[in-house]
Amino acid sequence: MGELAILPLGHEPMTIEHVCAIAEKRAVPAISADPAVRERIAQSRKLIDDALAGARTIYGVTTGFGASVEFHVPVEVAEEMPLNLVRYHGCGTGALFGENAAAAIMAVRANSLAQGFSGVRQELLDRICELVARGCVAAIPEEGSVGASGDLTPLSYIGALLAGEREAWLRGKLVKAPHALAELGLRPMNLRPKESLAIMNGTSVMSALGCLSWTRALKLARFACTISAMASDVLHGVPDHFDDRIFELKNHPGQRQAAQWIRGGVHHRNTPARVQDRYSIRCAPHVIGLILDCLPWMRRMLETEINGVNDNPIIEGYSASAPEGRVLHGGNFYGGHACLVTDTMKNVVANVADLLDRQVGMLCNPATNAGLPANLVMRSGIDRPTHHGFKAMEISASALAAEALKMSMPASVFSRSTESYNQDKVSMGTISARECVRVLDLTETVAAIHLLTVCQAVDLRGPLHCHPKSAEMREAVRQVVPVNEADRRMDVDIQAVLDLYREDALPIGEIAWTVPEARA
């Protein structure tokens, strides 16, 4: 822990890179020591305490929740409300988010509350940060959020952990929350009025998942360019398809960058095999470039969301500009912006899965693979007809691509009224974010199958007859997966390549990319 970077929350804006660093245990969060930050938090909380002392009506503090707002809650029982809210939202279902995702969710939630407009105590924010820093995060079921009012049910699991209820991830193990707190020498917290509502009534699940997906999408775009170049290389494709002049004349920055990445991995032959290649090769920059062209506005929306105040009501504490303080009842918990990001991301990523699947099809088909054997079978003896090489790998890639495409339908269009018609328009942002994660999983797997396929083609051509980058990638893969010389299982090969990719052990090329200045 001592060697990890500390990311102060509440002062400087949190970035996507910060979220990833915390999720990957390269950094830990802590509430900023800036006096202005701490004073804002304190004054926001003081306003809640004063309101309670004065029996002032504030939603969720002295009223029921949601459509139950019509019920007045006497001050003498208001302290029971926070834990009850957590408990009745303990109805999440499905698999648990992994530790990394849970850490990102908790850090993003703490960052929003640390803006000082949510009426929570400093000690509560410190506790959330301490838990993440010490490897203890909430065990959060993935299902059960409509994305407004925020991610109520999944975020209730953070409140439960603070109160010593339900389960937690503690350094890789799933344990009971009281056990986790005891292991760390911590006592459960008594949640005060407004605090559990502040924790739960926000967009931190969907926006944290969006941040993690953003980074994966950028890397995937780079990977897709590299293996598309390999496909063009072994298919003796037309290198001029990636001439910069073509992309300068249309000038989408991401598309042009994708073309540059592909261009760096293709041979410039004097006599191309054909005038034009099929679209899955020729238009690869146009398909992959969509990811790159979307990432800048996606970053802007995600980072605005994670640095914004997204609960209700907003508690603007006492200050020189607001000497009486303000309680603002609104709907900042609505996750429309985060949902738009992941709805779009899963669309452009799924289209890359489709692109790569079509390239696999070209590589396996003797009618389109420029003289390579059908299904890339390497045998030539009498038993040649008994072997089928990459035939089933093509089918698997098609199945995965189809599933990714099927999930690319925007989740936001499935908004439905719920909670006694109070939440009668909701974002579905967390469903979209979960689907986005799944689409990335599927597309990365299609890319792994593609890479195995194209490496087989490199072996059939002979590495010395391929572009040096194709040979380099083939060499990296052959460290863990042998060439396919006879029919055998290849699921373990796919996983081995996925592991290399996710461990950054493949030479996919430089990933960093800066959006050029807009044209005048």
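Helices H9 and H13 run roughly antiparallel to each other in this predicted model. H9 covers residues 204-234, and H13 covers residues 284-306. Their axes lie 10 Å apart and meet at an angle of about 160°. Angles over 145 degrees count as roughly antiparallel, so this pair qualifies. The crossing of H9 and H13 is left-handed.

Now look at the residues between these two helices. From H9 come Ser-207, Gly-210, Cys-211, Trp-214, Ala-217, Leu-218, Ala-221, Ala-224, Cys-225 and Ser-228. They meet a set in H13 that includes Ala-284, Ile-288, Leu-295, Met-298 and Arg-299. Also in the H13 set are Leu-302, Glu-305 and Ile-306. The residues of this contact divide into 15 nonpolar, 3 polar and 2 charged. An α-helix has 3.6 residues a turn, so residues three or four places apart point the same way.

Phe-223 lies in H9, while Tyr-501 lies in helix H18, residues 491-502. The pair therefore ties together parts that are 278 residues apart in sequence. Are these two residues buried or exposed? Phe-223 counts as buried, at 1% relative accessibility. Tyr-501 is buried too, with a relative accessible area of 3%.

H18 packs with helix H16, residues 429-461. The angle is about 110°, and the axes are 9 Å apart. That makes H16 roughly perpendicular to H18. H16 passes H18 in a right-handed crossing. On the H16 side the contact holds Asp-441, Glu-444, Thr-445, Ala-448, Ile-449, Leu-451 and Leu-452. On the H18 side are Asp-493, Ile-494, Val-497, Leu-498, Tyr-501 and Arg-502. These residues divide into 8 nonpolar, 1 polar and 4 charged.

Return to H9 and follow the chain onward. The loop between H9 and helix H10 (244-250) holds His-241. This histidine, His-241, is buried, with a relative accessible area of 9%. What does His-241 contact, leaving aside its neighbours within four places in sequence? The partners are Ile-246, Phe-247, Val-275, Gln-276, Asp-277 and Arg-282.

The buried residues are Ile-16, Val-19, Cys-20, Ala-21, Ile-22 and Ala-23. What do they pack against? Strand S1 (5-9) and strand S2 are among the partners. So are helix H4 (99-113), helix H5 (122-133), H9 and H13. Lys-25 follows H1 and has a positive phi, near 60°.

One further stop is Asp-34. This residue, Asp-34, sits in the loop between strand S2 (27-31) and helix H2 (35-53). At 22% relative accessibility, Asp-34 counts as partly exposed. Buried would require under 20%. Asp-34 and Ala-21 are 13 residues apart along the chain, and their C-alpha atoms are separated by 22 Å. Ala-21 is one of the buried residues of H1.

How values were computed
Residues are numbered from 1 along each chain as its sequence is written. This is a predicted model: local features need pLDDT of at least 70, side-chain atom pairs count only at pLDDT 80 or more; totals for chains, interfaces and linings use all residues. Side-chain values use heavy atoms; hydrogens and water are left out. Axes are lines fitted to C-alpha atoms, for helices over the stretch in contact, and angles run from 0 to 180 degrees between N-to-C directions. Helices (H or I, at least four residues) and strands (E, at least two) are DSSP runs, numbered from the N terminus. Angles under 35 degrees count as roughly parallel, over 145 as roughly antiparallel, 65 to 115 as roughly perpendicular and the rest as oblique. A crossing is left-handed if the near helix is turned anticlockwise from the far one by less than a right angle, and right-handed if clockwise. Contact means heavy atoms within 4.5 Å. Ala, Val, Leu, Ile, Met, Phe, Trp, Tyr, Cys and Pro count as nonpolar, Asp, Glu, Lys and Arg as charged, and the others, Gly among them, as polar. Buried means under 20% relative accessible area, exposed over 50%, partly exposed in between (1.4 Å probe, protein chains only).
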